[in-house]
Amino acid sequence: MSSHTRPQRVLCCWFPDWSVQRLIASQPELRRSMVVLTESTKRGDFVYQCNDLAKRRGVRPGMPASEAETFAKTHDSLKIRQASLDQDKTALVEVALRCEPYSFCIGLEETDRPECLLMDVTGIAHFFSGEHALLEQLQQELSSQGFETRLAIANTVGMAWAVAHCLETSQRMIVPATDRAFKDKLSIGALRLPETVLAKLGRLGIYTIGQLQKLDRCSLWSRFGEELLRRMDQLAGERPESITSCRPVPRFIASRRLEYGLTQPETIEQLWLSLLERLVSLLSPMRLGTRHLRCHFVMDNRSEHEINIRLCGTTADVRRLANLLRLQLERQHWNAPLVGIRLEALEVAPLDRTQREMLEGASHDQACRFSQLLDRLSSRLGNEAVTRPAGQPNPIPELSVRLVPVTEVFSAKTVEQDALLPLDRPTALFPCPRPIEVIAVIPDGPPTALFWKSDRLEIAQCWGPERIEFGWWLGPFVRRDYYRVETTKGKRLWVFRRLQDDRWFWHGEWF
């Protein structure tokens with residue numbers, strides 16, 4: 001079940017001053033020169049980027065090109081070139097394609113002047129003996145091509161980008177998947193915001209993301225707009241951010257069209273089984289598997305039938321896929337000969353590693369059997385019938401968890417939902433709070449006894465209150481004081497007082 005609990009891992013490879021690096025890599029004779037790249041505007045030519053020698057002489061981006069020339073000493077070989085953003089982007093794409101052995105999905109950062117490669121390295125690291133070895137090998141390869149890089153791996157695109165831009169020259173860093181407080185230490189400059197927004201935040205004395213997160217979101221939205229909240233959510237993984245691959249993902253399809261229709265079940269099974277083996281043979285050499293198999297059957301009377309098989313994890317096991325497809329076909333009743341079959345592997349991803357599962361304590365066989373059981377139940381009963389709880393970013397207890405199909409991809413956003421300790425929330429949470437009557441010695445204080453139907457429960461111990469207020473800006477809102485209480489009979493209950501009308505409710509119980 002590793003595919004369920006494995007968060008996404010993203011690698012950001014930043015090439016500082018990419019335009020200069022690209023020019024020098026293509027013309028090595030410029031390495032000892034003072035290189036200045038300029039861009040033309042309506043006000044004249046200005047410095048866009050420059051190399052280290054020019055920086056040591058005092059040249060800075062944004063200054064007039066004529067002024068930059070005055071910083072060169074008599075023995076300096078000054079080279080002034082016009083920046084070409086199109087060539088820079090094309091060259092970065094070429095570098096991305098050369099990095100494909102390190103990721104099955106590589107894209108550029110979404111900006112007009114990209115300088116970063118973004119790689120999805122989820123499930124890739126074990127091919128290099130870990131993430132540290134992956135970073136080291138990638139950096140060595142790019143260095144041999146003449147590029148200076150700063151590399152970082154984290155759970156989200158935003159976090160990986162932010163960490164890479166906080167590193168020094170040729171450094172690399174890995175943010176552990178479980179370190180969710182790391183972002184609080186980062187500067188607000190790591191949020192990919194416009195300079196005007198960063199300047200406003202600086203004038204307010206806000207310098208770190210931790211400071212920013214303590215502020216009210218509504219106030220931030222009204223002052224800085226949606227962009228600030230979007231970047232904060234993307235950094236924390238609470239808003240999806242995908243990587244657009246430089247190379248379109250190949251499609252894996254096996255199909256067959258027949259001149260004469262088939263009616264015998266044994267012959268039909270032999271046909272789709274051979275197509276399934278051909279489809280898996282396309283995936284296996286690349287160590288890929290599929291989580292979604294789409295089967296398209298065409299009948300002689302022009303009717304078509306489609307079967308979708310979703311799995312809990314990626315697999316390239318013909319037998320496993322065939323068993324699931326056979327379960328689906330048993331319920332099909334076709335009234336015409338079969339003349340065509342088309343199988344397509346969707347949601348293709350690297351195969352799960354088995355060694356890590358063994359080290360984590362669950363044997364590979366047990367994990368596989370359990371995953372296969374869930375796949376069979378989902379195929380027989382339907383995807384919506386076999387579910388698991390998934391945390392939601394909602395402080396209202398009854399809305400903080402929802403049931404999702406076990407075949408649904410586990411998102412990084414769901415992984416992050418563990419800010420509460422296990423004992424903070426009851427084992428059983430009622431979907432609808434149950435109204436109760438209580439006796440309290442102090443007005444608006446904790447209960448000393450409560451009544452549920454005809455039973456009176458005396459309270460022995462009480463902890464709280466924990467106040468939850470949420471959603472006032474949405475209209476109907478929640479204002480509750482929660483108490484954890486233990487009765488004299490040893491029952492541990494979770495009750496709350498609704499602050500609007502002082503009514504009491506029983507919301508959960510610990511077992």
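Axes are lines fitted to C-alpha atoms, for helices over the stretch in contact, and angles between N-to-C directions run from 0 to 180 degrees. This model is predicted, and local features need pLDDT of at least 70, side-chain atom pairs count only at pLDDT 80 or more, while totals for chains, interfaces and linings use all residues. Residues are numbered from 1 along each chain as its sequence is written, and side-chain values use heavy atoms, with hydrogens and water left out.

Helices (H or I, at least four residues) and strands (E, at least two) are DSSP runs, numbered from the N terminus. The axes of helix 2 (residues 18–26) and helix 5 (residues 85–98) come within 10 Å and cross at roughly 75°, and the two helices are therefore roughly perpendicular to each other, a term that covers 65 to 115 degrees. In contact, meaning heavy atoms within 4.5 Å, Trp18, Ser19 and Arg22 of helix 2 meet Gln87, Asp88, Ala91, Leu92 and Val95 of helix 5.

Strand 2 (residues 34–41) pairs with strand 4 in the parallel sense over five bridges, where pairing requires that DSSP finds at least two bridges between two strands. Thr38 has Gln82 in strand 4 as its bridge partner.

Most residues other than glycine have a negative phi.

Ser129 lies in the loop between strand 6 (116–120) and helix 6 (131–144), whereas Lys453 lies in the loop between strand 16 (447–452) and strand 17 (455–470).

Definitions and conventions:
Parallel < 35°, antiparallel > 145°, perpendicular 65-115°, else oblique.
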